[in-house]
Amino acid sequence: MPTTLIRRAEVLVTMDGQRREIHDGGLFIRDNVIEQVGLTNELPAQADRVIDLSGHVVLPGLINTHHHMYQTLTRAVPAAQDANLFNWLKTLYLMWANLTGEAVYISALVAMGELILSGCTTSSDHLYLYPNEAKIDDEIRAAQEIGLRFHAARGSMSLGESKGGLPPDRVVENEAAILEDCQRVIETYHDPKPYSMLQIVLAPCSPFSVTGDLMRESVAMARHYGVTLHTHLAETLDEEAFCLEKFGRRPVEYMEDLGWIGDHVWHAHCVHMSEREIALFGQTRTGVAHCPSSNMRLGSGIAPVKGFRARGVPLGLGVDGSASNDSSHMLAEVRQAMLLQRVTGDPAGLTARQALEIATLGGASVLRRDDIGSLESGKAADVIAIKLSRVEYAGALHDPVAATVFCAPVHVDWSMINGQVVVQDGRLTTVDMGPVVERHNAIARGMIRER
């Protein structure tokens, strides 16, 4: 098996049990697995490939636990720029109804390219509408081509306006067809083995777009196949009012009734939760994808991150949809997470290193992975490096690790996913993004014109 030696890092952030930061550090990698971590002079001197990262900070690859990649096609749409979640959705559903298989594939390549360049090595994506014969297979193909470790969440909507739901009937699916396709996708693609590059998640969209029956059936299927579950929850006060009116329960109570609590489940947002509900998540190891930029963009509120951490809730970061964040930049999301916990008056509400921990180890815990999230022997070779001699970090090298969070978000200069170099000298090595972006913009223009 081929070997790789990474050496001479200015500082290597391990995120191991001792949270070691090793100056003049390095890694010895065999095939796709880290074999040794330590000082450069303690590692083997030779390898099939030697990579000198002098002058770089080296970190574990960042993990994105919530996204809607197709939404890169509807960034900054004027009619949705200043709307709350429900009005934003009602505006954009009409555009998303024009999605095609090609649109899903191209938008996924764009989102994944942006994620990788911003330090992400593993991402989930929640694709929950399938008009015009679009399939989740289209974005799986994109992940395999670009080289991203991927958790594909087969989302769904079945509760249209005519049945009391939020989405228009033209973008919902029949529940029997949803479950049939979920089974197909799991049996075709899901790989539960260590270092897996592709896993499948079952992900009915939200309490206001699917029925309780579909939520229960998804739990049963997930248990049968040993896959995880994901949905949106407690994002806005409008959602809370909807659940109280329709189900007589708060969103978390409703999910508890449906069996959507436990260590095989994670929820996106979780902004409006009581102390009892936070404690329940901690006791049951129910995970949360924290999406600070989206929550700010839509005026949804500030998630109780300190409460989650105090109660032991598995907590990761998500960039969320690129039409509610207008970005897929992971380092930017790390910075926003840190700043948002300080804005109410506590300047130590979340430190730079705690924010990085949420984006690495935290994301791994949310996705139920023990083979990623840190640079340790036996972990997957998912590694990023950022050059320190850049204008954005000028004057910040007293603490290079904190500089990656406090200073302006940058693109990584080098990235490895599963032992394969995917970014070299700041450029993607797997996909030429120029033609992809050109086609993406053409599709985006057509989608908005055709609504």
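Predicted model: local features only at pLDDT ≥ 70, side-chain atom pairs only at ≥ 80, totals over all residues.
Trainee: Now the nonpolar cores. How many residues does the largest one have, and which have the most contacts inside it?

Mentor: The largest nonpolar core has 128 residues. Those with the most contacts inside it are Trp88, Leu89, Trp96, Met112, Phe281 and Phe308. Helix 2, residues 101-117, gives the most to this core, with twelve residues.

Trainee: How far apart are the C-alpha atoms of alanine 111 and leucine 89?

Mentor: They are separated by 20 Å. Along the chain, the two residues are 22 residues apart.

Trainee: Give me a second case. Where does histidine 267 lie, and is it buried or exposed?

Mentor: Histidine 267 lies in strand 11, residues 265-269. With 0% relative accessibility, histidine 267 counts as buried. Its contacts include His230, Thr231, Leu233, Met255 and Trp260. They also include Phe281, Thr286, Gly287, Val288 and Ala289. Again, residues up to four places away in sequence are not counted. Between the C-alpha atoms of histidine 267 and serine 322 there are 18 Å, and the two are 55 residues apart along the chain.

Trainee: On to salt bridges. How many are there?

Mentor: First, the idea. Side chains of opposite charge can pair when their charged atoms come close. For this model the count comes to 26 salt bridges. One of them joins arginine 75 and glutamate 114, with the closest N and O atoms 2.4 Å apart. This pair links distant parts of the chain, 39 residues apart. Arginine 75 is in the loop between strand 6 (62-64) and helix 1 (85-96), while glutamate 114 is in helix 2. Arginine 75 is partly exposed, at a relative accessible area of 27%.

Trainee: Which residue does glutamate 102 form a salt bridge with?

Mentor: Glutamate 102 pairs with arginine 439, the closest N and O atoms being 2.7 Å apart. Glutamate 102 lies in helix 2 and arginine 439 in helix 14 (residues 433-449), so the pair ties together parts that are 337 residues apart in sequence. Arginine 439 counts as partly exposed, at 37% relative accessibility.

Trainee: And arginine 353 and aspartate 399: where are they in the chain?

Mentor: Their side chains meet in a salt bridge, 2.9 Å from N to O. Arginine 353 is in helix 12 (residues 352-366). Aspartate 399 is in the loop between strand 14 (383-387) and helix 13 (400-406). The two are 46 residues apart. Arginine 353 is partly exposed, at 30% relative accessible area. Aspartate 399 is partly exposed too, at 27%. Elsewhere, salt bridges that share partners join Asp137, Arg154, Glu173, Asp181 and Arg184 into one network.

Trainee: Last topic, cavities. How many of 30 Å³ or more are there?

Mentor: The count comes to two. The largest cavity has a volume of about 140 Å³. It is lined by 18 residues, and the closest to its centre are Leu85, Trp88, Leu89, Tyr128 and His232. Helix 1 gives the most to this lining, with four residues. By class, the lining has eight nonpolar, eight polar and two charged residues.

Trainee: What lines the second largest cavity?

Mentor: That cavity holds about 30 Å³ of space. Its lining residues include Arg154, Ser156, Ile178, Leu179 and Cys182. Leu202, Ala203, Pro204, Leu214 and Ser218 line it as well. Strand 8 (149-156), helix 4 (175-189), strand 9 (198-204) and helix 5 (212-225) are the elements that give two or more residues to this lining. By class, the lining of the second largest cavity has seven nonpolar, two polar and one charged residues.

How values were computed: Residues numbered from 1 in each chain as written. Heavy atoms only, no water. Core = buried A, V, L, I, M, F, W, Y, C linked by side-chain atoms within 4.5 Å. Buried < 20%, exposed > 50% of the residue type's maximum accessible area, 1.4 Å probe, protein only. Salt bridge = Lys/Arg side-chain N within 4 Å of Asp/Glu carboxyl O. 1 Å grid on protein atoms, 1.4 Å probe; cavity = no way out; pocket = protein on both sides within 12 Å on 5 of 7 lines; lining within 4 Å. Points joined across faces, edges and corners; volume = space filled by probe spheres on them. Nonpolar A, V, L, I, M, F, W, Y, C, P; charged D, E, K, R; others polar. Contact = heavy atoms within 4.5 Å.
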